[in-house]
Amino acid sequence: MSSQTITADAAGTWKLGDLPVHRLGFGAMRLTGSAAFHHGTPSDRDRSIAVLRTAIDLGVNHIDTAAFYFSSLRSANELINSALAPYPDDLVIVTKVGPYRSYDGEWGTSARPEDLRGHVEENLRQLGRDHLDVVNLRRMPQYDSIAEHFGALAELREAGLIRHLGISNVTPRHLDEARAIAPVVCVQNRYALDRPDPATDELLRLCGEHGIAFVPFYAVAGEAAEQGATTAHDDDVRAIARAHGASPAQIRIAWTLHQGPHVLAIPGTGNPGHLAENVAAGAIRLTDEDLTRLNRPRQVAG
């Protein structure tokens, strides 16, 4: 399929609270290097800035980022600020807090509730904003409950530093906890075509029931996770890709968007060509037969 004239609006729209976004967004994690965090080699700064500006030109108005997205030479938030400020009026920047990385890139102790204001202020500083559109609380495994942390973010929302709140890496029980404290506009969990997960299927269903955006991460990367897009595509994915004149990665993005009108995709890349392909995937309309074939391994695993 041609990707040159397809823009992000082809995927449709959803609202994060009162903020409308195209369902095909952009994840900033891969802007900083050939792999995420301290893996791989740092990116070319000019190329990363060009990717961000091209994303806006292609109609992307939802960018997912975090202050802990950095490599030895690059910071995703700094790149976003440099490339896009002053920001377009319709651009929604979603960040996340909770995990912590020291300046040398190593993972440190994740935030206590009283630390979260500092995490929020660091994102504000790096992005050059006076408030954050959406902040996701990323639950770390050592915390069984998110109530105290989410409550701290709810206080920052009341103070005007945050407009809307979301949660990440959670179960249905955590969604209930958060909703009892403050409105939740999005849930980010790992979710992919080749990663059956009945608990997350239930979370996706609950989000749809409550009008909450479900935003999968590693939807294209699959088991490769932070290392980048998987190349382990099964025969059905490859066959359906050929039938649509698309790449297997585009079919994975299309499948993600077909999981419900409340599902948003945030594929990330530091490659301008891959960016255009990712955005174009929002125009792919899978048939019922396609979806049956793609879902068969998940049903067998379930």
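Author: For the classes used below, Ala, Val, Leu, Ile, Met, Phe, Trp, Tyr, Cys and Pro count as nonpolar, Asp, Glu, Lys and Arg as charged, and the others, Gly among them, as polar. The model is predicted, so that local features need pLDDT of at least 70 and side-chain atom pairs count only at pLDDT 80 or more, while totals for chains, interfaces and linings use all residues. Residues are numbered from 1 along each chain as its sequence is written, and side-chain values use heavy atoms, with hydrogens and water left out.

On a 1 Å grid over the protein atoms alone, a cavity is a set of points where a 1.4 Å probe fits but cannot get out, whereas a pocket is an open set with protein on both sides within 12 Å along at least five of seven lines, and lining residues have an atom within 4 Å of a point. Points are joined across faces, edges and corners, and a volume is the space filled by probe spheres set on them.

The structure holds 1 cavity of 30 Å³ or more, and the largest cavity contains about 60 Å³ of space. Its lining includes Gly98, Ser110, Arg138, Tyr143 and His149, and divides into 5 nonpolar, 4 polar and 2 charged residues.

Turning to the open space, the second largest pocket has a volume of about 350 Å³. Of its 16 lining residues, Ala67, Tyr100, Arg101, Glu122 and Gln126 are the closest to its centre, and the lining comprises 6 nonpolar, 6 polar and 4 charged residues.
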